[in-house]
Amino acid sequence: MAPPLSLPTTARLPSFLRVNPSNPSVIKVLSRLSRPSLLSLALDWLDPSNQSLCPPILRENPSDEEDEDDFESDLYPPAHSLGELREVYASMQTRKGSKREVVDRILEGDWREGLSLYQVAMADLQYLYDHPGTLKWACYKIHRLQTPGHEDDVDAGRSYDKIDKLSMHVPRFHPSTFLRNLQAEVLPDVKAHYNFDRPKGLPLLLLRIFVLDSPYNTDLAVSAASGSSSSAARVVTSFDTSRTIYVAFPDASPHIFVSKSQNAGPTTNAETRSLRALVVEGIPKALSRPRERYTLKSVNLQTKNLDAMLSLRGSGRGNAASGGWSVYAGDKTADARTDSPLNSLLPTPPLSDDTAEEDDKRVAYIGSQEATTTRKRTLDPGVLEEEKRHKRAKLVAQARFGDNMRIDDGKGIERVDVLIEDPFPIYATDVEDEDDGQDAKEARRGPKGRRNGVDASLLEAAEDDEDENPEQHRQGRDQGTNGPGDKRARTTGRQARQEEDRDREKWAWRPNVRLSLHGSHVFAGIRQLVEAGFIDGERMPGWMTGEEGVTMGAIRNGRIKGFRGSGL
Amino acid sequence: MAARPSPSPELSVGDRLHDEIAKLRAQVDSLKNDVRLQTATLMTADSTRQILQSQTTGARPLETSDATKLKLLARFREQSAHKQRCLYRACASLTTFKVNDPDPNAVDGGNVLGLRFELMSKAKFVRPYYVMLNRPYPDRRLLRVHRHTVPQCIPLSGLVARHLPLPTAKDDDDDDAPKKQDLSRFVRALRRELVRYHNRAAVIGDMKKAAGLSSKKIPDHESETEITDISAADAEAKQISLQWRDGRSGRLVMNDDGEVVKMVVQGVNGQDHETVRQFLGGAARVEEVTMSLENH
């Protein structure tokens, strides 16, 4: 039979396209799954509704005797019916065995003719659900762009790639339209397979984009590179150079989470990064419609934890009220009742309640002390003092973090990078001279030589926000006109100090401090340190509570620049 | 070795005790709640105030209850302040309060103005929405949204840009005149958006109920024309997606105020204008559609 005619097209890869099961990347995709998930996957594939996408090999004619001979030497003889095959896999679920057994049965037995792209996608997604921390997600916010009022305006050369801040429109997302538009953005020499899925328990829609470097959308795309090298021992298929990228659309939130791309075979880092850039570029175009254009803007949030991402950028109320502010955002049903204005009971905010309790406890404690005189002797004032301090630290932690950032809340952010731009804290008695200024300049120039990815984005954040904070500049410019009388008018100590700081800003030594916090749950760790008394919770800057909702940022005056916490 | 629990429906002694304890605990909690409620009511009663004040002003000192009285009076003040606040909250739907930013580096000495939006949905007060504002610029009285609990489906950033504009970056200076911040307009617009959102969501809920979808019980007659699903199709609850048993699916788009903008039904063979006509029946508002559904 002649091979089917294949023409380069711009269509997407169909889900039923089969990949050779001997392909190492297919084997890899399957063998990294656990046995239970493999079996549940196989049962999913055997579902009657999935038969158009992933049919297993079955005997054509159950009564035919010749067939028996055909498969006599076969290790995994094909089943007669779907039901029978389902039973086989169901029975494997109940008994113990190795994972290898299942993989072999799938690849060499029931799907020996190849796994469809749909199956590969499902297996890949299953792995993602089993190991939620394997992908690093970056969050982007969808902004609407200004629409030119008239055709002539465009010709006048004015740039309309400005974010329409006045827009009262919340971007809406329609999966199939989006996909059709995204497909139009993909270049013709690249083929992609798309698969939408809704993970259980997460309010988001997951899109898996699987990219192949092939102009064909038929078998040629996934089989060995055509004719000429067929006899060669080393067969490279374009499947090996495939890359996968995930895009998550949280429900009711104008944000998009894009994962770093994974690749099946060896590809360079630059290549994967460019793919991601390509997708990030294509998504706003796919979301846009005539007279309704969108753009994506990074919100400096990167994490491996989708739960954490959703709590910071999801549809809930806690987006711009995390940390200690979460008391206002509480979503629990009990909160709703106590918060109603019809509730005549006195509110018991967590802190006041605790202090009352603490007093009670202390009274009870003293009472018990008097009862057990032996204990009283062992407790010297130092221990009591220690106890008190411990309680205080706990309270402070509660005040700063609210109910968030618990070590077991499953919303761990594993890395936080900050660039501190504040001048070195100096006391008024220290006199600086011009040399310090020189140092500062050098220090600022320093990092440009060796930028890595994080540094670059941090610096970018620092530069970005310059214009978001014009008042800061105004301050800088105005300070010459600020007479000493003005300064005397300031009343509060903190403000006076800030003014002085600003005066000194030009000459202050700004060491180039970059802070990188790593761990399974960075902010929970800080909370624990506060609770243990290693960090003074009252003097701790706000960004250490995670309430700014970013994992990268530049710090000026002790705050993350750009007022990130407001989520606007 | 303890005897294995028998598979009989009767629970073991331990389990029964656990059940009983749990029940008693719940009872204790509810009783405690009752006591608290009664105290609160008694505390705010006018007669209580009279008794308390007459005793403190009275010349006859009761040496035993002096401290108690003071405590009670303090409690009374607290309670009546709370009562007053609740009254304001229930009637005014927008109240303000002052918050102190715990961040030691907070702008403006940590002063934060809190706005509290009370909303009602399904004849109940929902948890209020909060918007916290601060003044980041020392020399000016410009406000900026600091924290908020407004859901993403409310275009808060657009409202802020309209009513609470901040001095823009240099390059934007040319095209806009000095804008003034208008807090009351901002608040009104935001409250309007919030109320409209809740009303739209409620309308969809009502429609569900009218179509008999909210109740768990299985309908006794299964007709072909029955609607099997009604749900909000977007975050802003402006679009309603409908599903019929025979595979038709439809989309009803309403505007901000709940007026029907358009409706499309996709049948097995193309668009189904007949269903649209039947379903809408000349209704201008979504509530009217719900009413006609109820009457069916």
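Residues 14-41 of chain B span 40 Å between their end C-alpha atoms, and the stretch is 100% helix and 0% strand. Helices (H or I, at least four residues) and strands (E, at least two) are DSSP runs, numbered from the N terminus. An unreviewed UniProt entry annotates residues 14-41 of chain B as "coiled-coil region"; UniProt positions are given in the numbering used here, feature names are shortened, and annotations may be inferred rather than shown by experiment.

The model is predicted: local features need pLDDT of at least 70, side-chain atom pairs count only at pLDDT 80 or more, and totals for chains, interfaces and linings use all residues. Residues are numbered from 1 along each chain as its sequence is written, while chains are lettered from A and ligands numbered from 1 in the order in which they are written.

Chain B also holds an open sheet of five strands in the order β7-β8-β9-β10-β11, with antiparallel pairing. Two strands pair if DSSP finds at least two bridges between them. At the edges stand β7 (227-232) and β11 (270-271) of chain B; each has a single partner strand, so one side of each is left without a neighbour in the sheet. Within this sheet, β9 (residues 249-254) and β10 (residues 260-267) of chain B run antiparallel and are joined by six bridges, with B:Gly250 opposite B:Val265 in β10(B). Helix α6 (residues 273-280) of chain B lies across β10 and β11 of chain B, at about 135 degrees to β10(B). For such angles, axes are lines fitted to C-alpha atoms, for helices over the stretch in contact, and the values run from 0 to 180 degrees between N-to-C directions.

In chain A, an open sheet of four strands has the order β11-β10-β12-β13 and mixed pairing. Its edge strands, β11 (513-518) and β13 (559-560) of chain A, each pair on one side only. Strand β10 (residues 415-420) of chain A is joined to β11(A) by six bridges, antiparallel; one residue, A:Arg415, has A:His518 as its bridge partner in β11(A).

The last topic is where the chains meet. Here 49 residues of chain A are in contact with 49 residues of chain B, contact meaning that C-beta atoms, placed from the backbone, lie within 7 Å. Elements giving two or more residues to the chain A side include α11 (326-329), α12 (333-339) and α15 (381-401) of chain A. Of the elements, α12(A) gives the most to that side, with three residues.

How values were computed. Contact = placed C-beta atoms within 7 Å.
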